[in-house]
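Colleague: I'd like to go through this model with you and ask how each label was reached. Could you set the values against the cut-offs as we go?

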Amino acid sequence: MKNDEAHIIHRILEGETSLYEYFLDKYSQQVFVLIVRIVENQEDAEELTQDTFLKAFEHLSSFKAESSFSTWIYRIAYNTAISATRKKKYDIFAMDDTLLANISDQQVDNALNDEGEEQIRKLNNAINKLDTDERALITLFYDEEKSISEAALILGLTESNAKVKLHRIRKKLYVLITQEE
């Protein structure tokens with residue numbers, strides 16, 4: 001964690017609560033993007049983003065700086081969003097493991113690296129069909145450019161499990177994109 005953030009947290013805990021605005025300004029948009037990807041509803045995501053920052057503020061004294069503040073707030077955001085989605089029933093898209101095993105990494109790379117407008121539309125449609133944990137992982141890794149180890153920490157996974165899940169998600173996206181054609 002950056003020394004300036006540690007200093008700001010210390011000052012907030014000493015009573016200068018207005019300094020918490022620094023964290024709101026710095027991380028609210030990123031937290032919102034993660035949450036909206038999970039809950040798929042902008043209004044819910046706005047409310048859950050506020051809940052996330054309120055929880056973080058209320059528990060700021062428990063922040064131990066074992067990870068960065070951004071990792072800590074992402075973990076709170078992820079848990080908040082997942083809790084909200086568990087309250088709602090979602091149709092989870094399931095896919096046969098044998099189908100995924102027969103897809104080469106080269107096929108996946110070619111399809112997912114195509115930056116054409118139509119392909120991006122198909123990719124966004126495919127992402128919306130993934131379950132919440134899968135959307136969270138690809139959002140953290142690709143959109144927020146978190147490392148595998150940081151995404152794993154945020155999602156409560158081992159690093160190797162995060163790598164396997166990411167590999168599987170990419171194959172699922174390939175299948176979903178090609179089914180739309």
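**Labels and the values behind them**

Colleague: Why is Asp109 called partly exposed?

Modeller: Asp109 has a relative accessible area of 29%. Buried needs under 20% and exposed over 50%, so a value in between is called partly exposed. Do keep in mind that this is a predicted model.

Colleague: And what makes Arg170 buried?

Modeller: Its relative accessible area is 17%. The limit for buried is under 20%, so Arg170 qualifies.

Colleague: How do you know that Asp109 and Arg170 meet in a salt bridge?

Modeller: Their side chains come to 2.3 Å, N to O. The cut-off is 4 Å between a side-chain nitrogen of Lys or Arg and a carboxyl oxygen of Asp or Glu, so the pair counts. Asp109 sits in helix H6 (residues 105-112) and Arg170 in helix H10 (residues 159-180), so the bridge ties together parts that are 61 residues apart in sequence.

Colleague: How many salt bridges does the structure hold?

Modeller: There are eight. One of them joins Glu40 and Arg135, whose closest N and O atoms are 3.5 Å apart.

Colleague: Why does the Glu40 and Arg135 pair tie together parts of the chain?

Modeller: Glu40 belongs to the loop between helix H2 (21-39) and helix H3 (42-58), while Arg135 is in helix H8 (residues 132-143), so the linked parts are 95 residues apart in sequence.

Colleague: What about Glu134 and Lys172: how far apart are the closest N and O atoms of their salt bridge?

Modeller: They are 2.8 Å apart. Glu134 in helix H8 and Lys172 in helix H10 are 38 residues apart, and the pair links distant parts of the chain. Both residues are buried.

Colleague: On to the rings. What makes the aromatic pair of Phe63 and Trp72 tilted?

Modeller: A search of the whole structure gives 10 aromatic pairs. In the one formed by Phe63 and Trp72, the centres are 5.0 Å apart and the planes make an angle of 55°. Stacked needs under 30 degrees and edge-to-face over 60, so 55° falls among the rest and is called tilted. Phe63 is buried at 11% relative accessible area, as is Trp72 at 16%.

Colleague: Which residues form the aromatic cluster?

Modeller: Tyr20, Tyr22, Phe23, Tyr27, Phe57, Phe63, Phe69 and Trp72 form it. Among the contacts of Phe23 outside its sequence neighbourhood of up to four places are Ile8, Phe53 and Phe69. The largest nonpolar core has 53 residues, and Phe23 and Phe69 are among the members that touch the most others. Helix H4 (residues 69-86) contributes the most to this core, with 10 residues.

Colleague: Last one: is Ser70 buried or exposed?

Modeller: Ser70 has a relative accessible area of 10%, under the 20% limit, so it is buried. Ser70 is part of helix H4, and its side chain makes a polar contact with that of Ser68 at 3.0 Å. Beyond four places in sequence, Ser70 is in contact with Tyr27, Lys146 and Glu150.

Key
Residues numbered from 1 in each chain as written. Predicted model: local features only at pLDDT ≥ 70, side-chain atom pairs only at ≥ 80, totals over all residues. Heavy atoms only, no water. Core = buried A, V, L, I, M, F, W, Y, C linked by side-chain atoms within 4.5 Å. Buried < 20%, exposed > 50% of the residue type's maximum accessible area, 1.4 Å probe, protein only. Helix = DSSP H or I, 4+ residues; strand = E, 2+ residues; numbered from the N terminus. Contact = heavy atoms within 4.5 Å. Polar contact = N/O pair within 3.5 Å; in protein donor to acceptor, adjacent residues only side chain to side chain. Phe/Tyr/Trp six-rings, centres within 6.5 Å; stacked < 30°, edge-to-face > 60°.
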